[in-house]
2 protein chains.
Amino acid sequence: MDPGDAARLGPGLAARALPPRLLLLPLLPLLLGRGLRAAASASTGAAADDSSAMEELATEKEAEESHRQDSVSLLTFILLLTLTILTIWLFKHRRVRFLHETGLAMIYGLIVGVILRYGTPATSGHDKSLSCTQEDRAFSTLLVNVSGKFFEYTLKGEISPGKINSVEQNDMLRKVTFDPEVFFNILLPPIIFHAGYSLKKRHFFRNLGSILAYAFLGTAVSCFIIGNLMYGVVKLMKIVGQLSDKFYYTDCLFFGAIISATDPVTVLAIFNELHADVDLYALLFGESVLNDAVAIVLSSSIVAYQPAGLNTHAFDAAAFFKSVGIFLGIFSGSFTMGAVTGVVTALVTKFTKLHCFPLLETALFFLMSWSTFLLAEACGFTGVVAVLFCGITQAHYTYNNLSVESRSRTKQLFEVLHFLAENFIFSYMGLALFTFQKHVFSPVFIIGAFVAIFLGRAAHIYPLSFFLNLGRRHKIGWNFQHMMMFSGLRGAMAFALAIRDTASYARQMMFTTTLLIVFFTVWVIGGGTTPMLSWLNIRVGVDPDQDPPPNNDSFQVLQGDGPDSARGNRTKQESAWLFRLWYSFDHNYLKPILTHSGPPLTTTLPAWCGLLARCLTSPQVYDNQEPLREEDSDFILTEGDLTLTYGGDSTVTANGSPGSHTASTSLEGSRRTKSSSEEVLDRALGIGDQLVSSRGTRLVFPLEDNA
Amino acid sequence: MDPGDAARLGPGLAARALPPRLLLLPLLPLLLGRGLRAAASASTGAAADDSSAMEELATEKEAEESHRQDSVSLLTFILLLTLTILTIWLFKHRRVRFLHETGLAMIYGLIVGVILRYGTPATSGHDKSLSCTQEDRAFSTLLVNVSGKFFEYTLKGEISPGKINSVEQNDMLRKVTFDPEVFFNILLPPIIFHAGYSLKKRHFFRNLGSILAYAFLGTAVSCFIIGNLMYGVVKLMKIVGQLSDKFYYTDCLFFGAIISATDPVTVLAIFNELHADVDLYALLFGESVLNDAVAIVLSSSIVAYQPAGLNTHAFDAAAFFKSVGIFLGIFSGSFTMGAVTGVVTALVTKFTKLHCFPLLETALFFLMSWSTFLLAEACGFTGVVAVLFCGITQAHYTYNNLSVESRSRTKQLFEVLHFLAENFIFSYMGLALFTFQKHVFSPVFIIGAFVAIFLGRAAHIYPLSFFLNLGRRHKIGWNFQHMMMFSGLRGAMAFALAIRDTASYARQMMFTTTLLIVFFTVWVIGGGTTPMLSWLNIRVGVDPDQDPPPNNDSFQVLQGDGPDSARGNRTKQESAWLFRLWYSFDHNYLKPILTHSGPPLTTTLPAWCGLLARCLTSPQVYDNQEPLREEDSDFILTEGDLTLTYGGDSTVTANGSPGSHTASTSLEGSRRTKSSSEEVLDRALGIGDQLVSSRGTRLVFPLEDNA
């Protein structure tokens, strides 16, 4: 497909310019309602009178036909997904690792896209359309007088004057083209929430500093470098006459922002399967989860920068700082929203005995998590980002208050939603390559973009790793750095950000390029992960809850003079004071307030808060606490009769270590790696009951490999 | 609120006339897309040019405002549901039974409705609207030329000429008014699917004849009687001058159809909690599930009858038979669709080893069940009905092929969806009483309707029970009949059918009346169930898998001369030949083909199908079968070491009894009544693995009460 071909495709429905913050939310029933209305109301005339029977019949038939086409187009997607699932099973069954399910979904999407594009007859536009001239501006609602009866119309979008006749040229292609906001508001939230909710907290928190550095600094660096390189490419294109329309510097930066969101889903799936190094997993996963959030907010900040200077090429300090302010405002606002609803859910599940009714508990959990999104959108923040932090908070606090059944229910519910949403997005990507009607294929831009994302990733992974290694005790080895460099896949988030706005020529070119980058990275990197892992000597088959041996080649551990003093040293070296502060605050105050674990507040809060402390502390804490108080020492995890002192655990025991949190994570981690039947057995043995208590910093760890 | 008040309310968005079969499906993403588009595209102008900055800003702000209001309105519902969940917990915790969760949801909905109606300022209509005259008919798409730019508009609905100024008068009221099709296409399918999927098959099938009679004949009788009585009421209203618009005979019949769908959710919840008689439960549940389907198809058949005769009062034989034909066509078509997708899912889950990957399996199950709805809608059948039979088929066949984890996952997934959808509908009902803008309160009609539904239910329960008792071995006692009479609640289905079409005066009156009937029945009958049960001497605390004692007062069992011959007799007397035929066909052919249980096909199919039989028979069947073949007798359920001959089981063992099906049902039943921890233990013990095999007709039953 060349640019000329793309130009002939005519306008699709999906392309519309949306102002930055109009993330037009997933209000399922409401909007569905509108959608249904839009589709249904063609038949409104039917009720009016007996006189216009013929007219009614025509409209009714039209609506029925449209309804049927809707069904068929959705059936197409469902069959696509079904096919994908069956093939995934086949692949997993035969242990095929060179193609991940997402890559597979894209291939099937591509095939169906080709069939739809070239196989279905192009139905020429009906005479549904009628022009009528209006004076002032486009209203969102229109009243039309048809032979005495009034009809209400809603604005759908603008049509380029030259393309009026090609509107609705191919109904089937139009039907399979979803509104871009669907991706952003329906499909991304469950994916992102699941990412936050299933975060392996222990390894995440112990690499938090590095993850934050990669996610924030790294994404900013990558965005800036890609933006500047692409601006060079655009200038070059102008010189050689390859550019047919405007392409501003901010457009380039915007492209840098949307393409900086990595999504190593393929790599992580293989990591999970092969039990590759957990720290590398945590670094990659944490970075990709957070840089999605950073990329969203960054891209909207860049859009907010645009209107400030009319000369968009020049650097405007005021506008820049305004953009930075917007970035910080949206980000912290969304973060707060997510954290607050998570905390509220934790409090509700702690202080009611909802856990006796897992169905109610699960429903409440689902509703509260969804309300985060709505709340953030209602306040003008970014729902997707709020949902991410809500997920993390829910996993950190609420999860501990849930009943055993609700824990698996919520995990499974979001797992299914995530799975369906992700595969839907990837199969839609495949489809979009052929059915999307506004592609702008520019070979120079595409090649430039591939080079730019490579350089952009290199420019943030290697320097950042160097600086991080200065402060890290567990150095990030060269092989890890290369693997992180290699794992810079682009996926659902880049696609969703790119498809949101495909109105201008520049944006269309970006969309096409993003699509190709996603294809390439998912297929090539997905296929190359296993060879790359062995080539880089990254160990696989690691128990996720075991720390790397001290003399592992990817970590250079400085041995202390004894487990305890070494731990003290490490704590000071590794955790910045901020994180230590947070850990002890979380362990001493937040955990006891929000969950049934941690030390009783009566011991951690000052004496004058005695009453409050007694109200907030869960009675279970005392129960768990009492026997420990005399010993005043160790953190004991009661798991059946399996208890083993695991003295070698070094990094978890940061000062004021999140005792029960660590324990629950490790339990969780071990549970995830077990097969379902073992899981059930575990639960039957009461392991899930999490008889966990903690007070000191030393850990008594269970032997996880018993199963 | 009186009729005068109602007249002042102005037109809501929800009221629109829809042609009968335009069930405008739940195509989630697609329609959401449109919805989003409708909401978002007000901002389309923003991308157009730099010159119209002010204009853009206005449209953008409008869209943003609308987006925020959408968020807030959905948040309202989520908070409502959250509140409901918390109160339900409180009620369950304190064992309050006089108010069911659905009744509670309605009360909260009412309160919020009052607040929205009288508490929010009525924002006067913006100058969004503009009239422009068109000549011919209402087109579904409109192109509007605004100072050189073209905008696309879609038809939303008709507005009464007198009410043009009041369009969008109160944005908040408008926002909380959903499109009626949402109820039909988004919220009902999960409810109905769950009903089918969680059907307690054993008791359902043993009462199948009676259930079908109540559901089909009963609903038809009830519809006809209510329709005729209401026609009398309407005539009376005309005489006393209470009727201000047309109200045809077919309208009355339509009202009869929509109000005949009973929904004893409250009663059944209490039955479940108190472990009331399982046969009564099966009768009530089965009837309500099937009569929902009957009512849907009946109402669309009545609408289809309408246009045939211009004089709608007269009886037109041709049109009547056409309607009957439509009824049969839609019903059997939908039934076939549902059954076929269920069978396909069963085959897929049988012949792939998907059960090694519960996530894939659950996703596939979900997609296939959803595709039933779409397939039926695409073919012009009724998706909701198809989904019901799909649920039953999935439970009967596919469920047995699923892995243990997928079984609980699918159950739990649909349980949550069902719970949320049901409570949403009920809280919306409460809300609608005040926020719906087209109520027509007619005291005469309402009183008439209450009398009519009482008489209509009486006229089908008592005579039908009498006739059924002639053929039934287990007679339906008077107390059961009274209880069934009493349990004629109306709920979600009646509401969804009534709200689908509120365009005409008659339909508005019906809607208001239906709403009040639902309120009254849910509150009064919900509260009265427990007293009624004890007043009618219906035994509670029954083990769902135990049969009633022979001399139970509600069943008069004729004792045979011995367990075996009695069984033979009963089989002949109780099961009509059709059902016996079905049972043996199901057991000998369908079960072995579609699941891993039943006798091997090689033994049941004729010799010339040997190859086919060998291909279709699951190897597990042979494994299970081998040890049994020598004994050639009993149906043995291997459940750990618990095996007990349960000779007293009489009715299940119809000739060619569905051996493993019965076993799995009883397992399922017992599992459902157990607490979650016991359930987990059961599964850990391998009970869930269902090492079930069968060949003869005698049963060896486990002792279910061990837990």
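A salt bridge here is a side-chain nitrogen of Lys or Arg within 4 Å of a carboxyl oxygen of Asp or Glu. I kept that in hand while going through this predicted model.

**Entry: salt bridges**
I searched the whole structure and got 10 salt bridges over all chains. I then picked out one pair, Arg507(A) with Asp251(A), whose closest N and O atoms are 3.6 Å apart. Where do the two partners lie? Arg507(A) sits in helix H19 (residues 505-535) of chain A and Asp251(A) in helix H9 of chain A, so this pair ties together parts 256 residues apart in sequence.

**Entry: H9 and its neighbour**
Since Asp251(A) took me to H9, I looked at how that helix packs. The axes of H9 (residues 249-259) and H11 (residues 278-305), both of chain A, come within 8 Å and cross at roughly 170°. Angles over 145 degrees count as roughly antiparallel, so that is how I noted H9(A) against H11(A). From H9(A), the contact uses Thr250(A), Leu253(A), Phe254(A), Ala257(A) and Ile258(A). On the H11(A) side I listed Ala295(A), Leu298(A), Ser299(A), Ile302(A), Val303(A) and Tyr305(A). Sorting the residues of this contact gave me nine nonpolar, two polar and no charged.

**Entry: a nonpolar patch on the surface**
Next I turned to the outside. Leu229(A), Ile447(A), Val451(A), Phe454(A) and Leu455(A) form a nonpolar surface patch, with about 460 Å² of accessible area together. Which helix gives the most to the patch? I found helix H16 (residues 443-471) of chain A, with four residues. Leu229(A) comes from helix H8 (residues 208-239) of chain A.

How values were computed. Residues numbered from 1 in each chain as written. Chains lettered and ligands numbered in written order. Predicted model: local features only at pLDDT ≥ 70, side-chain atom pairs only at ≥ 80, totals over all residues. Heavy atoms only, no water. Axes fitted to C-alpha atoms, helices over the stretch in contact; angles between N-to-C directions. Helix = DSSP H or I, 4+ residues; strand = E, 2+ residues; numbered from the N terminus. Parallel < 35°, antiparallel > 145°, perpendicular 65-115°, else oblique. Contact = heavy atoms within 4.5 Å. Nonpolar A, V, L, I, M, F, W, Y, C, P; charged D, E, K, R; others polar. Patch = residues over 30% accessible without salt bridge, like charges linked within 9 Å, V, L, I, M, F, W, Y side chains within 5 Å. Areas by Shrake-Rupley, 256 points an atom, 1.4 Å probe, with all protein chains shown as cover.
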